[in-house]
Amino acid sequence: AEYAKYGANRLAEGKLPSAVAAVHAALGQRLQVKAIPAARGTITDVHGAELAVSVERKRIIADPTLVVDYKRSVDGEVVGEGFAAAADVVAEVTGADRADVLDRLENPLGEKYAVLVPDASPQQWQELLSEGVRGLAAEDLMRRDYPLGEAVSPVVGWIGAGDVPAGGYELVYHDSLTGVPG
């Protein structure tokens, strides 16, 4: 009863935040705005066969300060720890070179940022999530695929470095093919 009386007095004096303000502050700390990458339009032939298509991909990244504490368990028994165990899991799931993944964890781009796998499938990311490696995350990206290969590139064109069209329909119809991130 004394605490409630004290709290009511402090609230009346304007020295305790209102419940609404506290909720807004908490939500502001939890919610993030994230742009969803836009898919570039599909190029098809007159019969509807895909000549160029955007494919959703993931860049697997890590915070090495969190990964270092990872313990890999199989049937309740710890079978590996730290960077080496995390590198094993990432390599097994994605097909990436284990030594390369381990090197990226031990020598990150920044204290809390390492790109482990620059191009993975959404299914590989889901499998990595199920392994429970703390400190892993994924960045969304889109990759341009050409199902008929290089043979059609003089007509279809291609997307070069920096997502810049480098010829063919990709260049001529660039404005029509470009999506808007949401």
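A crossing of two helices is right-handed if the near helix is turned clockwise from the far one by less than a right angle. The close-up views below are taken from a predicted model.

**View 1. Helix α4 packs against helix α6.** In this view α4 passes α6, which spans residues 122–131, in a right-handed crossing. The angle between the two is about 150 degrees, and their axes lie 9 Å apart. Because angles over 145 degrees count as roughly antiparallel, α4 is roughly antiparallel to α6.

**View 2. Helix α4 crosses helix α5.** The axes of α4 (residues 82–94) and α5 (residues 98–106) come within 8 Å and cross at roughly 135 degrees. This angle makes α4 oblique to α5. The crossing of α4 and α5 is right-handed.

**View 3. A salt bridge joins Arg-72 and Glu-92.** The two side chains meet at 2.8 Å, N to O. Arg-72 belongs to strand β3 and Glu-92 to helix α4, so that the pair links distant parts of the chain, 20 residues apart. With a relative accessible area of 15%, Arg-72 is buried, whereas Glu-92 is exposed at 54%. The structure holds twelve salt bridges.

View 4. Elsewhere, salt bridges that share partners join Arg-57, Asp-119, Arg-143 and Asp-145 into one network.

View 5. Asp-145 is partly exposed at 24% relative accessible area, and Arg-143 is partly exposed at 30%. Ala-39 sits in the loop between α2 and β1 and is partly exposed, at 43%.

**View 6. Asp-75 has a positive phi.** Its phi is near 55 degrees, in a residue other than glycine. Asp-75 lies in the loop between β3 (71–74) and β4 (77–81) and counts as exposed at 81% relative accessibility.

**View 7. Four residues make a nonpolar surface patch.** Val-155, Tyr-169, Val-172 and Tyr-173 form a patch of about 400 Å². Tyr-169 is found in helix α8 (residues 168–172) and is partly exposed, at 36% relative accessibility.

Notes: Residues are numbered from 1 along each chain as its sequence is written. This is a predicted model: local features need pLDDT of at least 70, side-chain atom pairs count only at pLDDT 80 or more; totals for chains, interfaces and linings use all residues. Side-chain values use heavy atoms; hydrogens and water are left out. Patches are made of residues with over 30% relative accessible area and no salt bridge: like charges are joined within 9 Å, nonpolar side chains (Val, Leu, Ile, Met, Phe, Trp, Tyr) within 5 Å. Accessible areas come from the Shrake-Rupley method with a 1.4 Å probe; for residues, only the protein chains shown count as cover. Helices (H or I, at least four residues) and strands (E, at least two) are DSSP runs, numbered from the N terminus. Buried means under 20% relative accessible area, exposed over 50%, partly exposed in between (1.4 Å probe, protein chains only). Axes are lines fitted to C-alpha atoms, for helices over the stretch in contact, and angles run from 0 to 180 degrees between N-to-C directions. Angles under 35 degrees count as roughly parallel, over 145 as roughly antiparallel, 65 to 115 as roughly perpendicular and the rest as oblique.
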